[in-house]
Amino acid sequence: MARLIYGTAYRGMIRFSITDSKDVVHELRERHKLSYLPTVVLGRLVTASILVIPWLGEMETITFVISSTGPAGNVVAQSTWKGTVRGYITNTKFELEKNEFGKFDVKGAIVGGDLTVVRDVGLKTPLVSKVPIVSGEIAEDIAYYYAKSEQIPSAFALGVLMDKDGVAKAGGLAIQILDKSISEEIVSGIEKRLNGFAITSYLGEKSLEDIAKYVLGTEELLVEEMNVVFKCLCSRKKAFESLKVLDLSDLNEMLGEGKAEVTCKWCSTTYTFEPEEIKVVIEEKKKLVN
């Protein structure tokens, strides 16, 4: 479970959210059996998807998709207005040399490609926006999306700290300027405090509220809180339905092997179907062909 606090400052001119996402990132690492760098990459994107939950409308789901040409491959995170999140990375096992700062080379893992944002607000067709990867650091790319596609000046700080036991710390901070008439002095102060800011240096040392007050430069915050949990939408029924898109030759091959297995990409849960269940799908396919 991730703790998320959010709210506004400077009479509603700025909104913010901040989270300690360690538990969620740890669960993703365990479910997908991730090595160190994939944990950091996926952890950052999932943390970003947690931070934007308070900004979603009722019934809304948002999905961030990084289509990378680097070793990370595709990285996907999805969150809902109800406070649930899930995610996956296509390459679960890879490592790179540390960067010039001695940190995990997330930028090297994500080389080029696009960030696609899908907003499902319950209409027939989701709203889809795409921007190029401009950094590879994820925080900067998410901020670029909001500035470019939604015309909202934004800043994100994301971090995942690993140690020999796994995920030591994980969290993030997001700030958006809602009223551009806010004084330049306030904005420049926030930018100055964000310069070189590392969320993992503060987690565990200060409360989320105190971190937000420090970065925003004010004690006067309107704050709300919610808990965010990992939750996948898969089910045995949905996995069974997915068998129906396979060709008859594939189904017959599975029947010959004595079972069919469907693994959910979001949570790595594997559903196993027995020969009798496979035969049901085969018979349905044959009826459609005839």
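A strand here means a DSSP run of E with at least two residues, numbered from the N terminus. By that definition, Ile89 lies in strand 5, residues 84-89. Keep in mind that this is a predicted model.

Ten strands form an open sheet with mixed pairing, in the order 7-6-3-4-5-10-1-2-9-8. Strand 7, residues 127-132, and strand 8 are the edge strands, each pairing on one side only. From one strand to the next, the twist averages 15°. In general, strands of a sheet pair through backbone hydrogen bonds, either parallel or antiparallel. Strand 5 and strand 10, residues 221-230, run parallel and are joined by two bridges. Val85 stands opposite Phe230 in strand 10.

Next, the helices on the sheet. Helix 1, residues 22-32, packs on the sheet and touches strands 1, 2, 5, 8, 9 and 10. The direction of helix 1 makes about 125° with that of strand 9. Helix 5 lies across strand 2, strand 8 and strand 9, and runs at about 165° to strand 9.

Now the pocket. What is the volume of the largest pocket? The value is about 1200 Å³. Its lining has 39 residues, and those nearest the centre are Arg44, Glu137, Leu158, Phe197 and Ala198. Elements giving two or more residues to this lining include helix 2 (36-51), helix 4 (139-149), strand 9 (166-177) and helix 5 (184-194). Strand 8 gives the most, with eight residues. By type, the lining of the largest pocket divides into 22 nonpolar, eight polar and nine charged residues.

Back to Ile89. Is this residue buried or exposed? Ile89 has a relative accessible area of 4%, and the cut-off for buried is under 20%, so Ile89 counts as buried. Leaving aside neighbours within four places in sequence, Ile89 is in contact with Leu34, Pro38, Val41, Leu42, Ala72, Asn74, Val75 and Phe94. One of these, Pro38, is 51 residues apart from Ile89 along the chain, yet their C-alpha atoms are separated by 7.2 Å.

The other residue is Asn252, which sits in helix 9, residues 248-257. Its relative accessibility is 40%. Eleven residues separate Asn252 from Glu241 along the chain, and their C-alpha atoms are 16 Å apart.

That is the end of the walk-through.

Key. Residues numbered from 1 in each chain as written. Predicted model: local features only at pLDDT ≥ 70, side-chain atom pairs only at ≥ 80, totals over all residues. Heavy atoms only, no water. Helix = DSSP H or I, 4+ residues; strand = E, 2+ residues; numbered from the N terminus. Buried < 20%, exposed > 50% of the residue type's maximum accessible area, 1.4 Å probe, protein only. Contact = heavy atoms within 4.5 Å. 1 Å grid on protein atoms, 1.4 Å probe; cavity = no way out; pocket = protein on both sides within 12 Å on 5 of 7 lines; lining within 4 Å. Points joined across faces, edges and corners; volume = space filled by probe spheres on them. Nonpolar A, V, L, I, M, F, W, Y, C, P; charged D, E, K, R; others polar. Pairing = 2+ DSSP bridges. Axes fitted to C-alpha atoms, helices over the stretch in contact; angles between N-to-C directions.
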